Amino acid sequence: MSLKQKLQEDLKSSMKNKDTVRKSVVTLIRASIKQYEVDNRVELDDEGIIDIISKQMKQRRDSLEEFAKANRQDLVSETESEIEVLKEYLPQQLSEEELNKIVKETISELGATSMKDMGKIMSAMMPKVKGRADGKQINELVKANLQ
């Protein structure tokens, strides 16, 4: 079953089960997919859908920080539950150790020695961990390994 079909089935089941959080998240994902397909006149495959879900995950994480700063616990808990739903559609996330290992391998492959090589490292890293790690986390690990 493709990711698009799974989203359709989950939308139906969330409507039947009156799971409003899941329904709203799945609806937003499907709307983003449709918008992208219409704008670019393409049919997205699972990889393209994972990119869209990853972007939505990043938006939610950024919002989470802002809600916490504003002391809006209601929005924090709502956003956390949305993140949990989004995680179900992404591939298994890499652990810190696995990610650190990939970062070290990439740095040694490229022969990177300083922060000037950050762009090269990040562009080599992102395809390797697509959908399985947060770019912010990768960035922090690269900085830690270059110092």
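## Overall picture

Of the contacts in the protein chain with a separation of 6 or more, 60% are between residues 24 or more positions apart, where contact means heavy atoms within 4.5 Å. Bear in mind that this is a predicted model, so local features need pLDDT of at least 70 and side-chain atom pairs count only at pLDDT 80 or more, while totals for chains, interfaces and linings use all residues. Residues are numbered from 1 along each chain as its sequence is written, and side-chain values use heavy atoms, with hydrogens and water left out.

The protein chain has seven helices and zero strands; these are DSSP runs numbered from the N terminus, with helices being H or I of at least four residues and strands being E of at least two. Read from the N terminus, the order is α-α-α-α-α-α-α.

## Dimensions and surface

The C-alpha trace of the protein chain spans about 55 × 40 × 25 Å along its principal axes. Its accessible surface is about 9400 Å², and carbon and sulfur atoms own 50% of that (Shrake-Rupley method, 1.4 Å probe). Of the 147 residues in the protein chain, 33% are buried, meaning under 20% relative accessible area; exposed means over 50%, and partly exposed is in between.

## Where helix 2 meets helix 3

Two packed helices are described by the angle between their axes and the distance between the axes. For helix 2 (residues 20–40) and helix 3 (residues 46–69), the axes come within 10 Å and cross at roughly 125°. Axes here are lines fitted to C-alpha atoms over the stretch in contact, with angles running from 0 to 180 degrees between N-to-C directions. Helix 2 and helix 3 are therefore oblique to each other, the label for angles left over once under 35 degrees is called roughly parallel, over 145 roughly antiparallel and 65 to 115 roughly perpendicular.

So who's touching whom? On the helix 2 side you'll find Leu 28, Ile 29, Ser 32, Ile 33 and Tyr 36, and they meet Ile 49, Ile 52, Ile 53, Gln 56 and Arg 60 in helix 3. By class, that contact has seven nonpolar, two polar and one charged residues (Ala, Val, Leu, Ile, Met, Phe, Trp, Tyr, Cys and Pro count as nonpolar, Asp, Glu, Lys and Arg as charged, and the others, Gly among them, as polar).

## Two loop residues with positive phi

Most residues other than glycine have a negative phi. Lys 18, in the loop between helix 1 (3–16) and helix 2, has a positive phi near 55°. Lys 18 is exposed, with a relative accessible area of 69%.

Asn 71 also has a positive phi, near 60°. This residue is in the loop between helix 3 and helix 4 (73–87), and Asn 71 is exposed at 67% relative accessible area.

Note on methods:
Buried means under 20% relative accessible area, exposed over 50%, partly exposed in between (1.4 Å probe, protein chains only).
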